[in-house]
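User: I am new to this structure and would like a close look at one part, the place where the two chains meet. Please take me through it slowly.

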Amino acid sequence: MSGVQQVPAETNEELLAAVLGRLVADSTHTVVGANSPIPASAALLAAGLSEGNHQVTILGSREFMQFTDGGKELFDYAAQGRMDAFFVGGGQIDGQANINLVGVGDYPGTKLRLPGSFGSAYLYHLVPNVVLFRKEHSRRVLVPKVDFISAAGLSPANHYRVGGPRWLVTELVVMKFDADRGRFYLQSIHAGHDLDEVLDRTGFEFDYDPEPAVTPPVDDQELALLRTSVRESLQPVYPGFCSRAFGQ
Amino acid sequence: MSRVTLEQLVSKISSGDKLAIPPEYSGVAMAATRALLTRGVKNLHLIACPQAGLQADLLIGAGCVATVEAAGISLGESGLAPRFRDAAQQGKIRMLDATCPAIQSGLQAAEKGIPFLPIRGILGSDLIDLRDDWLVIDNPYTEGDPLLLVPAIQPDVSLFHAPLGDDYGNVWVGIRRELMLMAHASKSTLVTVEKRYKGDLLADPVYAAGTIPHMYITATAEVAGGMRPLGFFGDGSVTDVEHLAGYEKLARSQQGFEQYLQEQGIEVGS
């Protein structure tokens, strides 16, 4: 140990925002749920890099809200196929990409009651590119089987389904969901972590290359945008987050 | 429709009512909720349209609620709703877990005067197993296309806060049209308004587009700041997150919750 500490080029939040942003880069309209500052940063970054071809809606904001027909409009809009990317989290996520936002333990006498499913049960089937984001990477979150299915990762062939989970991003990894195999594939591990750690901290089985790729670091253009226009745009929506998440 | 005091307004909510409340990004009638706690009601069937936060948690903590129908109950950035969480974990409330568009579709069915609406997605969710009142049918127009039906949701009362109300009973909600949906679906609608509008909201086409006409409105009460400590679309004010964080901490225990009520000067009626 040299005792010399390297100043990281990017904060964890900036890396996660850049990683998530790349996964929605081809979107024309990305919607971000309430209380989701990192996905909101990601969507604004992707929109910034798209040179104006990418619309962003951030629920709970005034600045990035274009709907005028009440809370239902977003869902009608999604069912028509007008929205192509959405971020969603989960109290538990399993290897078949089922997500649980209702609670831990047997329903309804749950050990831990969570807020509820919100729009996930619906949007999970209708938005083509659903990106799962949960910062915490642990066996508590990434479980073999969720205790309650708020939204199902897989559907029988006869179910109307134009959307679904495509990616899972955590503080450790990017995983790609293969709906045909019904399994996640480890796409890359963020710098500073390794496969053993990922296997140790993941509760479900997944496919991987024995020598997995490293998540590409935030590039200069991404970092510059995150620290300028993204931060400025998000300031009114998430002031606390903006003051701590972005580097100088 | 009539213009009444806050106390008269909440006296129109009775024990056992199906009470519809809006999401926190809309107009939550917090002053009316405190008045309702003081009045003391029991066995409410709370319908979050489609989600709720502090308002629901206060009503649950004070023992006013028997059933919660919601897509989500949380304090948003300030965390889990502690009294809701405790009541749900201990089975003190009957939960009708839903998903946002299912509640909105149920309200829309009531608005249209029809018994149900079909809705996409959701298939494969455990929500369907929980909900005896949700049905999966085959699309009668296309073979082999299962489709979920949700029944109409007709609240007895909708309660919310709006920016403007006029002397004719019209209420302006602007783009917050989930409030209009609630009013259309409900048997009665009670509104606290931030300000009295002098004139007829329906006479001005700019206001009229975002106005709930008086036919749907049972009573209004003028209560400036009636949404506090929550934010309000009507005046651009934001939620007092310190208040919510303080509440979240205290209300983790029932004793702490009682202390919060005391600090806020809320006496719960029986």
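Analyst: Buried area is the accessible area, found with a 1.4 Å probe, that two parts lose on being put together, summed over both. In this predicted model, the area buried between chain B and chain A comes to about 3200 Å², and carbon and sulfur atoms give 59% of it. The contact draws 44 residues from chain B and 36 residues from chain A.

Turning to the polar side of this interface, there are 18 residue pairs in polar contact between chain B and chain A, both residues being at pLDDT 80 or more. On the side of chain B that touches chain A, the residues divide by class into 21 nonpolar, 14 polar and nine charged. Two salt bridges are counted between chain B and chain A, and in a salt bridge between these chains the side chain of D97(B) meets that of R113(A) at 2.7 Å, N to O. As for where the touching side of chain B comes from, the elements that give two or more residues to it are strand 6 (72-73), helix 4 (82-89), strand 7 (94-97), helix 5 (100-112), helix 6 (126-130) and helix 7 (178-185) of chain B.

Definitions and conventions. Residues are numbered from 1 along each chain as its sequence is written. Chains are lettered from A and ligands numbered from 1 in the order in which they are written. This is a predicted model: local features need pLDDT of at least 70, side-chain atom pairs count only at pLDDT 80 or more; totals for chains, interfaces and linings use all residues. Side-chain values use heavy atoms; hydrogens and water are left out. Contact means heavy atoms within 4.5 Å. A salt bridge is a side-chain nitrogen of Lys or Arg within 4 Å of a carboxyl oxygen of Asp or Glu. A polar contact is a pair of N or O atoms within 3.5 Å; within protein, one must be able to donate a hydrogen and the other to accept it, and residues adjacent in sequence count only if both atoms are side-chain atoms. Helices (H or I, at least four residues) and strands (E, at least two) are DSSP runs, numbered from the N terminus. Ala, Val, Leu, Ile, Met, Phe, Trp, Tyr, Cys and Pro count as nonpolar, Asp, Glu, Lys and Arg as charged, and the others, Gly among them, as polar.
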